[in-house]
Amino acid sequence: MKLPCFFARGLLALGLLSASLVSAQVNLPGEYTVTGKDFAGQAFTGKLSIVQRQAVYRMTYRDGRTQRGMGIQRGNALFAAWGPNISCTVSALEIGADGNMSGPWGDLDQNILGTENLKRQSGAPSDVVGTFESSGKTPTGESYSGVTTIERRGAVFKVTFRGDGDVQEGVGVRLGNYLSVSYGGKNCGVTAYDIKADGSLVGVFAAFGESRVGSEEMRKGW
């Protein structure tokens, strides 16, 4: 059924307001209990601490080992890179109706963000798979450009950036109208969380070279 234009606009405004209220009401920093399933479907538990540092969220995960992460919030979603070293990065790319993508990115060692724009060169606008002209700025303000290729690998996406003689490979997961990508090599992973109104975070995660995703839920309190 086609809704009257004014009614559709009202519903859209209500949806946008609801999303903004979720992100405004949920205070992300704190201590969380983590439950989830790994790539093989095995259950796991752990503890996570989130601390806000300027434009990003610093994340520390413990389950007998310690992993560092950094998250970028966009509306009612949190996109994070995780790994044992500072070379891991995360991008939070919004997918436009024309198939182009843009958004902030950062690495585990900085509290400021860069920007990235992907202009579609091939592939269907309704899908993230394809070739893109890339441009952006690093967190320190340096401009860069190149070509990004996105390929589907099972439940995840293999993302390859080539520019200025540099080749970087990453892994991506899609959450709604966003693609979250982590670069940095085999030890880096990516997670995309949906921030719920009750303060819980529910998401999926992927690792470089793995075609499956794991699932994770975080609730405040140890």
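Modeller: A polar contact is a pair of N or O atoms within 3.5 Å, where one atom must be able to donate a hydrogen and the other to accept it. This model is predicted.

Colleague: What makes the link between the side chains of T138 and T140 a polar contact?

Modeller: The distance between the side chains of T138 and T140 is 3.0 Å. The limit is within 3.5 Å, so the pair counts as a polar contact.

Colleague: How do you know whether T138 is buried or exposed?

Modeller: T138 has a relative accessible area of 19%. Buried means under 20%, so T138 is buried. T138 sits in the loop between β9 (130-137) and β10. Leaving aside residues up to four places away in sequence, T138 touches W105, G114 and Y144.

Colleague: Why are W105 and Y144 called an aromatic pair, and what form does the pair take?

Modeller: The ring centres of W105 and Y144 are 6.4 Å apart, with 80° between the planes. Centres within 6.5 Å make a pair and planes over 60 degrees apart count as edge-to-face, so W105 and Y144 form an edge-to-face pair. W105 belongs to strand β7 (residues 101-107) and Y144 to strand β10 (residues 143-153), so the pair ties together parts 39 residues apart in sequence. W105 has a relative accessible area of 14% and is buried; Y144, at 16%, is buried as well.

Colleague: How many aromatic pairs does the structure hold?

Modeller: The structure holds 6 aromatic pairs. One of them is F44 with F205, whose ring centres are 6.1 Å apart and whose planes stand at 70°, so this pair is edge-to-face. F44 is in strand β2 (residues 43-53) and F205 in strand β15 (residues 201-207), 161 residues apart. F205 has 9% relative accessibility and counts as buried. F39, F44, W82 and F205 form one aromatic cluster.

Colleague: Which residues are the closest to the centre of the largest pocket?

Modeller: The largest pocket holds about 340 Å³ of space. Of the 21 residues that line the largest pocket, Y61, Q67, W82, F205 and E216 are the closest to its centre. At least two lining residues come from each of β2, β3 (56-62), β4 (66-74), β5, β14, β15 and β16 (214-220).

Colleague: Why does S200 count as buried?

Modeller: S200 is at 3% relative accessibility, and buried means under 20%, so S200 counts as buried. The loop between β14 and β15 holds S200. With residues up to four places away in sequence left out, S200 touches D194, I195, M218 and R219.

Colleague: What contact does the side chain of S200 make?

Modeller: The side chain of S200 makes a polar contact of 2.7 Å with the side chain of D198.

Colleague: What makes C88 and C188 a disulfide?

Modeller: The S to S distance of C88 and C188 is 2.0 Å. The cut-off is within 2.5 Å, so the two are joined by a disulfide. The structure holds 1 disulfide. C88 is in the loop between β5 (77-83) and β6 (89-95), and C188 in the loop between β13 (178-183) and β14 (189-195), 100 residues apart. Both C88 and C188 are buried.

How values were computed. Residues numbered from 1 in each chain as written. Heavy atoms only, no water. Helix = DSSP H or I, 4+ residues; strand = E, 2+ residues; numbered from the N terminus. Buried < 20%, exposed > 50% of the residue type's maximum accessible area, 1.4 Å probe, protein only. Phe/Tyr/Trp six-rings, centres within 6.5 Å; stacked < 30°, edge-to-face > 60°. Contact = heavy atoms within 4.5 Å. 1 Å grid on protein atoms, 1.4 Å probe; cavity = no way out; pocket = protein on both sides within 12 Å on 5 of 7 lines; lining within 4 Å. Points joined across faces, edges and corners; volume = space filled by probe spheres on them.
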